[in-house]
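Here is a short briefing on one protein chain. Keep the structure open as you read.

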Amino acid sequence: MPCVREVLTMQKLEQLIDKNFAETAHGKVANYIPILGIVDPQQLGIAIYDVDEDEIGTAGMAGTRFAIESIAKVITLILAIKRLGHKRVLAELENGSADYSLSSALLDDELSEHVHRVNYLNNSSALLTTALIDQLMGQNSFNALLGFCREICNDPCISLNERLFRSAIMNDKDIHALAYYMKDKDILETVDQTLITYFMQSSMMVTSQSLANLGAVLANDGIKPWDNERLISHEDNELVKKLLTTVGSFEESKEYTIKIELPIKSGTGGGLLACAPQKCGIGIFSPALDQHGNSLAGMSLLQDVVDQLDLVV
């Protein structure tokens, strides 16, 4: 395959932005947190990190900062695996599913689901993973997560949006209910601290470029292409990519696995993280979402990029 720089010039990326921009009018921004509900839906940006060339191309609103939301789950899981090992972390998540299903993001579904399956990137698992980080680092857990996020995204300007954090912790009742339900089942111990860390990590502000850098690490076998330092072991990197492929796009993960064929993680802040192994990392931002919480214009744009570059896992 020709390198990304040769196939998708800045002009071609801008053309793809123009082609897909109309999709921003068809979805709705997330409103379960009031601050997310006031974001302008008509935004679209993309960044692509070419691993071979060690270059990043951008178009549209690639430098616009937005809430990382669910994509933070990937970073938290990677950090937990680095500190504790993937066997320990996955075992903790699997043990947490003994009394109820971890297959859904909402408490009503958690309570009514009878098939016990583990989704390592949904809200239940994310609370458990966050609790592991809290147990390791205590009051310093968010600072550790923030530092690791800045490192793996190669973006020292990532910061906490205090206003978003306060809005989230006051208004996201589903997560509160789920956490206290898990405590009642003796799965979570320190609910208050876990909720604080959970909402803080979801309130970090990133850009499409940040996510493209993260995707490039995953595409480059866990090695940061900008300095050739290994950040994730080969085995753990393969595990993370498999999880993104199978459960990274909420209820539509299976459909997007078939259509796009890349490891993907979406967030309700409008972000999309994708990686094409040995080729590139991709970050996209467009906050107008479909009914499942995936970016409409973002997914359409990602499909076009995959087609243009023939990106097949």
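Which residues does S295 touch, not counting residues up to four places away in sequence? S295 touches G270, L272, S286, A288 and L289. Keep in mind that this is a predicted model. The points below start with the whole protein and then turn to selected helices and residues.

**The whole protein**

- The protein has 313 residues, and 58% of them count as buried.
- Its secondary structure comes to 15 helices and 10 strands.
- Take the contacts between residues at least 6 apart in sequence: 69% of these join residues at least 24 apart.
- The accessible surface comes to about 12900 Å². Carbon and sulfur atoms hold 48% of that surface.

**S295, a residue in a loop**

- Find S295 in the loop between β10 (280-285) and α15 (296-309).
- Is S295 buried or exposed? S295 has a relative accessible area of 1%, so it is buried. The cut-off for buried is under 20%.
- The side chain of S295 reaches the backbone oxygen of S286 at 2.7 Å. S286 is also among the residues that S295 touches.
- A polar atom of the S295 side chain also lies 3.0 Å from the backbone nitrogen of G298.

**Helices α4 and α7**

- Helix α4 covers residues 72-84, and helix α7 covers residues 123-137.
- Their axes come within 9 Å and cross at roughly 45 degrees. That angle makes α4 oblique to α7.
- The crossing of these two helices is left-handed.
- Which residues of α4 meet α7? They are K73, T76, L77, L79, A80, R83 and L84.
- On the α7 side, the residues are N123, A126, T129, T130, L132, I133, L136 and M137.

**Helices α7 and α8**

- Helix α7 also packs with helix α8, which covers residues 141-152.
- The angle here is about 110 degrees, and the axes are 8 Å apart. The two helices are therefore roughly perpendicular to each other.
- I133, D134 and M137 make the contact from α7. S141, A144 and L145 make it from α8.

**Helices α10 and α11**

- Helix α10 covers residues 173-184, and helix α11 covers residues 191-202.
- They pack at an angle of about 145 degrees, with their axes 10 Å apart.
- Helix α10 passes α11 in a right-handed crossing.
- From α10, the residues in contact are I175, H176, A179, Y180 and K183. They meet V191, D192, L195, Y198 and F199 in α11.

**E162, a residue in helix α9**

- E162 lies in helix α9, which covers residues 162-171.
- Its relative accessibility is 44%, so E162 counts as partly exposed.
- How far apart are the C-alpha atoms of E162 and M200? They are separated by 8.1 Å, although the two residues are 38 residues apart along the chain.

**N228 and E229, side by side in the numbering**

- N228 lies in the loop between β6 (223-224) and β7. E229 is in strand β7, residues 229-230.
- N228 has 62% relative accessibility, so it counts as exposed. E229 has a relative accessible area of 38%, so it is partly exposed.
- E229 touches E151, G222, I223 and K224, leaving out residues up to four places away in sequence.
- E229 and V217 are 12 residues apart in sequence. From C-alpha to C-alpha, they are 9.8 Å apart in space.

**Positive phi angles**

- Most residues other than glycine have a negative phi.
- Phi of N228 is near 60 degrees, a positive value in a residue other than glycine.
- D54 is not a glycine, yet it has a positive phi of about 55 degrees.
- Where is D54? It lies in the loop between β1 (45-50) and β2 (55-60).
- The relative accessible area of D54 is 40%, so D54 is partly exposed.

Definitions and conventions: Residues numbered from 1 in each chain as written. Predicted model: local features only at pLDDT ≥ 70, side-chain atom pairs only at ≥ 80, totals over all residues. Heavy atoms only, no water. Helix = DSSP H or I, 4+ residues; strand = E, 2+ residues; numbered from the N terminus. Buried < 20%, exposed > 50% of the residue type's maximum accessible area, 1.4 Å probe, protein only. Contact = heavy atoms within 4.5 Å. Areas by Shrake-Rupley, 256 points an atom, 1.4 Å probe, with all protein chains shown as cover. Polar contact = N/O pair within 3.5 Å; in protein donor to acceptor, adjacent residues only side chain to side chain. Axes fitted to C-alpha atoms, helices over the stretch in contact; angles between N-to-C directions. Parallel < 35°, antiparallel > 145°, perpendicular 65-115°, else oblique. Left-handed = near helix turned anticlockwise from the far one by under 90°.
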